[in-house]
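Here is a model to explore by question and answer. Please look it over before reading on.

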Amino acid sequence: MKLTYLGTGAAEGIPAAFCHCKTCEEVRRRGGREIRTRSQVLIDESFCVDFPPDSYFHSVRNGVDLSAISHLLVTHSHMDHFYAHDFILRGYKYAHAMTSPTLSIYGNGEVKAVFEECTRREMRKEVGGTISCTVLKRYERTKIGEYAVTPLPANHSKGEECFVYLIEKGDKRLLYLNDTGRLSPEVYPHLQGKKVDLVSFDCTFVFESRGVNARHMGIGDNMAVKAELERVDAVRKDTKYVVTHFSHNQAPLKENLDRLEREYGVICAYDGMTVEV
Ligand SMILES: [Zn+2]
Ligand SMILES: [Zn+2]
Ligand SMILES: [Zn+2]
């Protein structure tokens, strides 16, 4: 599996849309890799996790063929992970010679509701007819194209059942932990012996730790989850750990993230980063 981290920022992005804090000003000055758009990961060419408002920009900046995405897995309905308005443009006069004529979206019930709500006004019948929305159930392993996906409950929102995912293709496994705080104890038995190749962590709070009741994680929380994954044999010695979804409030500038990598042996994602497992 080839993962391309198209966006690695939290909901507000870095620099944040309306913010003039020291970090955002510094990022505006530096540009380049310090800029972080909203989180999205492309797996190979046709499978994608989340669809933030920056997806269009990702396609232009990173040369991604959005029409080739035939399967879209969505973690939850928050706007930085699912910007459904754009799908009215997937066909009719707006899109010709698309690589995949159809798109299948998978997520929780709120994702389906948000899709319907956001496309209600402008979706044309002939476009809507090519897009499906399937509601997944926790712990139910589902075949999606060449992949098998198991939704696991996240600790993220009281308003909906957010999912994080175990994603498998052949003998390769990826554990995608966005957006979530530390996982609940009941999740770990479902990961027993999985020996995943890569864990992608929510690391919104960077060097801070937020403990068991938080909606996001920092590196201390990531390490606590890692210890639990080791306990149930869900990881190996050579498993890769990627951290992402950074907030401007924790100054995730290059020098700080370099330190995080050195001290914790993780890979700090940046926009456009690819990693293969
Ligand atoms: Zn988020
Ligand atoms: Zn800021
Ligand atoms: Zn969220």
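Two strands pair if DSSP finds at least two bridges between them. Strands (E, at least two residues) and helices (H or I, at least four) are DSSP runs, numbered from the N terminus. This is a predicted model, in which local features need pLDDT of at least 70, side-chain atom pairs count only at pLDDT 80 or more, and totals for chains, interfaces and linings use all residues. Residues are numbered from 1 along each chain as its sequence is written, while chains are lettered from A and ligands numbered from 1 in the order in which they are written.

Q: Which residue stands opposite Leu-42 in β3?
A: Strand β2 covers residues 40-43 and strand β3 covers residues 47-49. The two run antiparallel, joined by three bridges. Opposite Leu-42 stands Cys-48.

Q: Which strands stand at the edges of the open sheet of seven strands?
A: The order is β6-β5-β4-β3-β2-β1-β14, with mixed pairing. An edge strand here has a single partner, so one side of it is left without a neighbour in the sheet. The edge strands are β6 (131-135) and β14 (273-276).

Q: Is Glu-140 buried or exposed?
A: Glu-140 is found in the loop between β6 and β7. A residue is buried if 20 or more other C-beta atoms lie within 10 Å of its own, exposed if 12 or fewer, and partly exposed in between, with C-beta atoms placed from the backbone. Glu-140 has 9 such neighbours inside 10 Å, so it counts as exposed.

Q: Which residue of β10 stands opposite Tyr-165?
A: β9 pairs with strand β10 (residues 172-177) in the antiparallel sense, over five bridges. β9 is also joined to strand β8 (residues 147-153) by six bridges, and there the bridge partner of Tyr-165 is Pro-151. In β10, the residue opposite Tyr-165 is Tyr-176.

Q: Which residue takes a positive phi in the hairpin of β9 and β10?
A: This hairpin has two residues between the strands. The positive phi is near 60°. The residue is Gly-170.
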